[in-house]
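Please look over the sequence and structure below, then read the briefing.

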Amino acid sequence: MRLLVLGGTHFVGRSIVDAALERGDDVTTLNRGSRPAADGIEPLIADRTDPPALRRAIGDGKWDGVIDTWTGSPRVLSDTCALLADRVGHYGYVSSWAVYRPPAPLGADESAATVEGDPDDEADAFYPVAKRGCELAVQRVFGERALITRPGPMLGPYEDVGSLTWWLRRIHRGGRVLAPGRPSDPFQYVDVRDHAPWMLDAVERGTGGAFNTVCARGRHTMGDLLETMREVTGSDAELVWVPDEELLAAGIRPYLDLPLWLPTAMRGGINDVDVSAAHGAGLDTSRPLRDTLADSWSWLEREGEPPWQAGVARGLDPAAEQRVLDRFGGAGR
């Protein structure tokens, strides 16, 4: 199909472009041009926050489908949708399961309550609210021609959020590692290389609606995640499991200090969502966790952090980690 990718140079967008080229799609990307375009695509350069520049870049172009990874002001996405309404056949938007109103119920499917969002909101503020507003912006214009994916953590090579890369480096450093909660706590994720081809296929088929796009419930735990990281990095790390309540009492911030960790009270059904709709529509998440982590570690060792992440502080300060480890001694492992 003739495909327009809005973004297309960073982690999620890059995976979409790679998968589209592998399928043989005719790919156009639109972004600010901060990174060189991949071979084999038509690059359009514009800042989406500048509507006149966006209109000039789009010109009279038409596409079978568009995939959008925008994270920011919903109003920007509303303007984009209005411009593309009669120029594309189907619109795919990468949202997030963060749009579910916390705490999400166990086994939440796509009908679960969401946070409030405004498709005309000009603020680039609280992530769940902005993502929900963006969903509404796409659905308002495209209706049944809109595909919304709601992934949880997206893992794989070229991850640029810093969650996966921080954990891999921390586990590789070895020694006693502060592990949050319990090893049996559930963990759902999707490899970005599995999400991308499924989304392209769904756009091409004209699939509409919202879909939870992560691996099956009960397949993995936090223990699986960290133990597998230890294996693929060849680390001698000793995982010291500390209960949620103790971490919170010590001032450790979920997701900010310890990426990918949400305490049970905050998590609710997140990491335990129903994925039957997406899996029934062909999403394949059978790629082993070990392959996802091993490929990511190989990339990280080979190329290092993405250049735009250089010097960005991520994860728990070593001194804060040591204070908690000293407090717990050998307990909680």
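Leu4 stands opposite Val66 in strand 4. Strand 1 (residues 2-6) and strand 4 (residues 63-68) pair in the parallel sense over four bridges; strands pair if DSSP finds at least two bridges between them. This is a predicted model, in which local features need pLDDT of at least 70, side-chain atom pairs count only at pLDDT 80 or more, and totals for chains, interfaces and linings use all residues. Residues are numbered from 1 along each chain as its sequence is written, and side-chain values use heavy atoms, with hydrogens and water left out.

- Seven strands make an open, parallel sheet in the order 3-2-1-4-5-6-10; strands (E, at least two residues) and helices (H or I, at least four) are DSSP runs, numbered from the N terminus.
- Strand 3 (42-45) and strand 10 (209-212) are at the edges with a single partner strand each, so one side of each has no neighbour in the sheet.
- From one strand to the next, the twist averages 20°.

**Helix across the sheet**
- Helix 2 (residues 51-58) lies across strands 1, 2, 3 and 4, at about 160° to strand 2; axes are lines fitted to C-alpha atoms, for helices over the stretch in contact (heavy atoms within 4.5 Å), and angles run from 0 to 180 degrees between N-to-C directions.

**Two residues**
- Arg132, in helix 4 (residues 127-142), is buried (under 20% relative accessible area), at 14%.
- Beyond four places in sequence, the contacts of Arg132 include Val99, Glu116 and Arg150.
- Gly24, in the loop between helix 1 (11-23) and strand 2 (26-31), is exposed (over 50%), at 60%.

Terms used: Buried means under 20% relative accessible area, exposed over 50%, partly exposed in between (1.4 Å probe, protein chains only).
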